[in-house]
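Keep the structure in view as you read.

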Amino acid sequence: MKWPFLLLAIGVTYQVAGQVDTSLYNSLQIDEVVVREEATGLSINTKSATLDLNISRTELKKAACCNLSESFETNPSIDVSFTDAVTGTKQIQLFGLAGKYAQIQVEMTPLVRGLLANSGLSFIPGTWVQSIQLTKGIGAVNNGPESMTGQINVEILKPEDLVDAAEAPDSEGRGNVLLNGYANQGGRFEFNEAYGRRLNDRWMVASLGHFSGRQQATDVNGDGFMDNPLGYQVNGMLRARYFGQNGWEGLYTFHALEDVKEGGQWTGSGAFPLGTGAADIWRSYMKQGRLAFTSKMGWVNPDHPDQSVGTILQLYSQTMNGFMGVDKPSSSPTDLQGIQNGLMAQVLFRQGWGNWAQTSALLFSRDLYSILLSHPSLSGLYDWGEQNIGLSTEWTWNPNPSFTGVLGARYDYNSVASHQFSPRLHLRWAPKEGHTLRVVAGRGFRNALPLTEEWGRFASNRQVRYAHNPIYSGWVWGGTTDSREIAWNAGLSYSWNFEWNYMPGSLQLDAHSTQFGQAVIQDYYTPGQRYLYPQFASGGSTSPLSSNTLGAALTYQVNKRTEMRLAYRFQDLRTMYLDETGFIAQNLALPTPFVPKHRWMAHGSHDFKGGWTVDATLQRYGEQPIPGTDPASYPALEMAPAFNLLSGQIRKEWKGGDVYLGVENALNVMQVNPIDGAVHPVTGAALLPTDPIFQTQFDATRIWGPIFGRMVYLGTNIVL
Amino acid sequence: MKNRFLAMLLMALPTLAFGQKKVEITFQTDGVCGMCEKRIEKALLGLEGVWTADWNQETHATFVVFNPKRVSEMDLHNTVAGVGHDTQKVKAKDEDYAKVHACCKYREEEVVSAHHGGL
């Protein structure tokens, strides 16, 4: 026991024996063959006090492509949407709220955060993912304060996943090399690699590699803008795993990536006069990079497996450099140069006594930001540091198999957000076999970076202002208390696992509410303007941002080869805006843009003989509010029409891998004129940025549906 | 479009689920571990006409729901024996038994006791 505390004392701390990695220790003790359970695609853990959905590799294969932002396409809980029509950035929504309000972690460490918050999901290649745990409703308190709507934890392939696969008795030595190739009709290609090997009985190593890109531009709708940005991503991870004696284990990871995306108008589209050069058109460019090292060490007391200590140490450097606009000296494009250097250190201690268990953690994190931004309506260089010291404890009471109660609390001293106390409660009650009721309630906070995490929203000639009233200059760059966001989340859910006609099925009903005490509002309801300002719940009145959702999902294994899923969700999101006078007293509660009220999903898959699998997913997005363009009306709010997206895939599997052919957006649904001011309203000719119509109307952020129509893709996985 | 799709799905469902006559049966199959379970169930589910199959590692009970018009009871026994496991009606051939993994050698006293010792 001295060791862990010594580690703590020197601050070389890190994480998680109690959380994720203990299973590894357990598997060490069984020297017989461990049978690898073929988990079903989507499963709900009935024993957990939180509403956890596990998304396995089997399920991830159904997603068309390619990275984490797209791996939720067959999931009824998470929505995927574009932020704008030029950068190709996809973001997720949970309970209709942006993905930034869910704590997204990679093996309990941050990645989609800070300067990578806008597109970090695309930096986790789908083929690297071992599994995803999605928690609906506020997550475990020891994982950090930033969970507000829920938590998404991604487990990446570890050396032992690959080595165990190859060492399994029926594998014939295959499984420690995974290769993947993919290409689609939109010109996107991708290569992925995973390789693991055992060095000796204590050490295993793995390498994960990714290269993807798009070199061929398309302009299907003829508006002069590329449908998808060009660019590339090089991404690699080296991992080493140590299983020692006396309960020690370690996982060390080095991660490096570089991602470049170039979009905007395209001289090769044929829409512009001959001789139009790169300096005459509207372009976007973004280069992001990351270097990180993570050390995780854990110790499980061999005499008392209920006792464990874990430490995590992560050091990282993230960069974001780009521009949007006309890149020549006489114009003033939006230009961004950002660096974030940081570290996180965490010690976790877990102890169980019979019906009781506690997990406590000490977390320290530090981020140094330097952001240089120039934009026609705001410019500046901002340097600041953010430190957070957090102490958390969580107590679990499990008096009998049908009840679990978890009470947790954390206290954080954050140099930006000041003192924060976040209590959390999770209850699970299973009155009868197969029936589970859960209650969740808790609080979380985060510090927003409203300009960088919404980078794609600069693809517009809207003027960016801190608030309506210039006198009231809310300070929402990040790094001050005005960029703080605080929310309470509460939820109730019921799961019924039934067997009907010998086949398993489940019904899940849930209601969740998220109410913000403080939020950074992005207001697009005045044409030509983008207002940013902090909003507070004043005197217990309506919260500045609120989400109330009801969900229902039914899954049923129709027969041994056929599975189906039906889901519906109702989501009511409201944002409190300042009215034109800009005074807080006159707030307007309006529907939050880009969130449909009604969402439906139907999914089916069938395995045929001989290793053939077919699956199809139909998604329906109800009408959604979007910012309008009528300057005479305030608030300018329009409804975008409802639409359906149908996707499907056919896959043939062999012992040594598979080949898959699929289609996205099979119904060929497209948003007409996704970019305002891009074409002449009468002639339909593409306009250059110097055109007065372009100058007054250009806006690529009113995106509610697909830009690219039907897309066919082909891919293969090879297991060696 | 969506309504048509849903309607098709709902119409197809009862046919898929109830369009076949089903008979339940339980018989004993020898085996020792989770790997055996996977092998036995996979072999049974591979048969057309078998609706569901479940082998219990503790009791060795093999529960099968099948359509007697498409597969006979003896087919079930022969299939399980064909992947190396003795059932109460059919003993696996030695060459099939030889193919099961070392940890699944249920005819060997040491292997069986090793599994029980582990519990």
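**Strands and cores in chain A**

In chain A, six strands make an open sheet with mixed pairing, in the order 1-2-8-9-6-7. Strand 1 (42–44) and strand 7 (109–110) of chain A are at the edges with a single partner strand each, so one side of each has no neighbour in the sheet. Bear in mind that this is a predicted model.

**Inside the open sheet**

- Strand 2 (residues 51–56) of chain A pairs with strand 8 (residues 129–136) of chain A.
- The two run antiparallel and share six bridges.
- Look across from A:Asn54 and you find A:Gln133 in strand 8 of chain A.

**Strand 25 and its partners**

- Strand 24 (residues 484–500) of chain A pairs with strand 25 of chain A in the antiparallel sense, over 15 bridges.
- One bridge pair there is A:Gly491 with A:His512 in strand 25 of chain A.
- Two residues lie between strand 24 and strand 25 of chain A, which form a hairpin. In its turn, A:Asn501 has a positive phi of about 60°.
- Strand 25 of chain A also runs antiparallel to strand 26 (residues 529–536) of chain A, joined by six bridges.
- A:Asp523 sits opposite A:Tyr531 in strand 26 of chain A.

**Strands 27 and 28**

- Strand 27 of chain A pairs antiparallel with strand 28 (residues 562–578) of chain A over 14 bridges.
- A:Ser547 stands opposite A:Leu573 in strand 28 of chain A.
- A hairpin of two residues links strand 27 to strand 28 of chain A.

**Nonpolar cores**

- Which residues touch the most other members of the largest nonpolar core? They are A:Ile124, A:Val129, A:Val154, A:Ile156 and A:Tyr533, out of 80 residues in that core.
- Strand 25 of chain A gives the most to this core, with four residues.
- A second, separate core has 28 residues, including A:Phe225, A:Phe594, A:Ala678 and A:Ile707.
- Leaving out residues up to four places away in sequence, A:Val129 touches A:Leu60, A:Leu68, A:Ser71, A:Ile124, A:Val154 and A:Ile156.

Conventions. Residues are numbered from 1 along each chain as its sequence is written. Chains are lettered from A and ligands numbered from 1 in the order in which they are written. This is a predicted model: local features need pLDDT of at least 70, side-chain atom pairs count only at pLDDT 80 or more; totals for chains, interfaces and linings use all residues. Two strands pair if DSSP finds at least two bridges between them. A nonpolar core is a set of buried Ala, Val, Leu, Ile, Met, Phe, Trp, Tyr and Cys residues joined through C-beta atoms within 7 Å. A residue is buried if 20 or more other C-beta atoms lie within 10 Å of its own, exposed if 12 or fewer, and partly exposed in between; C-beta atoms are placed from the backbone. Two residues are in contact if their C-beta atoms, placed from the backbone, lie within 7 Å.
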